Amino acid sequence: MKLKSHWWWDLTALDFARLDMHNIVAVLPVGAVEQHGPHLPVKVDSAISNGIIEEAVRNMTEDFPVLVLPTLSIGKSDEHIDYPGTLTISADTLAQLWFEVAHSAYRAGVRKIVFVNAHGGQPQIMEVVCRRLRIELGMMAVGCAWYSVTEMGDLFNKHELKHGIHAGEVETSMMLYLHGDLVDMAHAKHWESLSVGLEKKGGMLSPEGAVGFGWQAQDLHPSGACGNAAAADTERGEILVKRAATRIVTLLEEVSAFSMEHFANKPDSTAH
């Protein structure tokens, strides 16, 4: 089965009618439009999601059974609403939006879908939506945050990876590669997150991790950014985007090979 394009909206209704859609894995890139400090555009999360997926598509063969749905760029960003430029959707609305797009793909015949997320405030919503798609539609729905499946320890130090969670060295490097013309390094600084001070106290409390609390961006740093953005560079950004794309393609290969027969098991309360 050869695809004339891996982009969903490039196909005609006749193309869809001729495809065996049950063998297609749909990909839904999701991002956010929110402040990322004084040096990065508000498109960061969506730009990174798009950049990774575009690189992944370049690595796909014509017979790779994947169709990429149009990116849903606005997400749940209420932790950033006190900064100008942030756009946000409520968690309930976003979950319903994602579900309905997936349901549309289901009506076209798709039985497997992978969400590729670039915004740290959305994995919990992905998990809820994926479970709902399994229960209500019998779909295989996979939630993936690119940063959770991509090794970065050889590119950035442990301190930055733990505390530079927003507009820091990682995201700034990726944006320098993807959209360098939109990055203003004159405003890039090393912003120390509240989490650094909490870690030094040696307790369990932390904004994120095994223990987390509800926070707004200004709670971590008034700039709305956390991490050493001033140390970012284009070279590591390119390596990371391409590495993440390779990981996504590997995941899609696994999803494609996954047998839906695993979902055919009937409950047996006597099994032990």
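## Helix α9 and its buried face

The buried residues of α9 are R236, G237, L240, V241, A244, A245, I248, V249, L252 and V255, where buried means under 20% relative accessible area, exposed over 50% and partly exposed in between, with a 1.4 Å probe and protein chains only. This is a predicted model, in which local features need pLDDT of at least 70, side-chain atom pairs count only at pLDDT 80 or more, and totals for chains, interfaces and linings use all residues. Residues are numbered from 1 along each chain as its sequence is written, and side-chain values use heavy atoms, with hydrogens and water left out.

Helix α9 spans residues 234-257, 24 residues in total, and reaches 35 Å from first C-alpha to last, close to the 34 Å expected at 1.5 Å a residue; the expected span is 1.5 Å times one less than the number of residues. Helices (H or I, at least four residues) and strands (E, at least two) are DSSP runs, numbered from the N terminus. Packed against the buried residues of α9 are β1 (25-30), α2, β2 (66-68), β3 (112-117), β4 (140-145) and α6 (169-179). At the start of α9, a side-chain oxygen of D233 comes to within 3.2 Å of the backbone nitrogen of E235.

Now to D45, which sits in helix α2 (residues 44-58). D45 is buried but has no salt bridge, and the nearest side chain of opposite charge, K76, is 11 Å away. A salt bridge here is a side-chain nitrogen of Lys or Arg within 4 Å of a carboxyl oxygen of Asp or Glu; for charge, Lys and Arg count as positive and Asp and Glu as negative, while His and the chain ends are not counted.

Leaving aside neighbours within four places in sequence, D45 is in contact (heavy atoms within 4.5 Å) with G31, A32, E34, H36, A118, H119 and E171.

With a disulfide taken as a pair of cysteine sulfur atoms within 2.5 Å, the count is zero. C130 is in no disulfide, and the nearest cysteine sulfur, that of C144, lies 10 Å away. C130 counts as buried at 9% relative accessibility, and C226 also counts as buried, at 2%.

## Two more residues to look at

A167 is in the loop between α5 (158-163) and α6. Its phi is near 65°, a positive value in a residue other than glycine, and A167 is buried with a relative accessible area of 0%.

F263 belongs to the segment after α9 and is partly exposed, at 26% relative accessible area. F263 and R134 are 129 residues apart in sequence but 8.8 Å apart in space, C-alpha to C-alpha. Beyond its neighbours within four places in sequence, F263 is in contact with R134, G138, M139, M140 and F258.

Note on methods
Polar contact = N/O pair within 3.5 Å; in protein donor to acceptor, adjacent residues only side chain to side chain.
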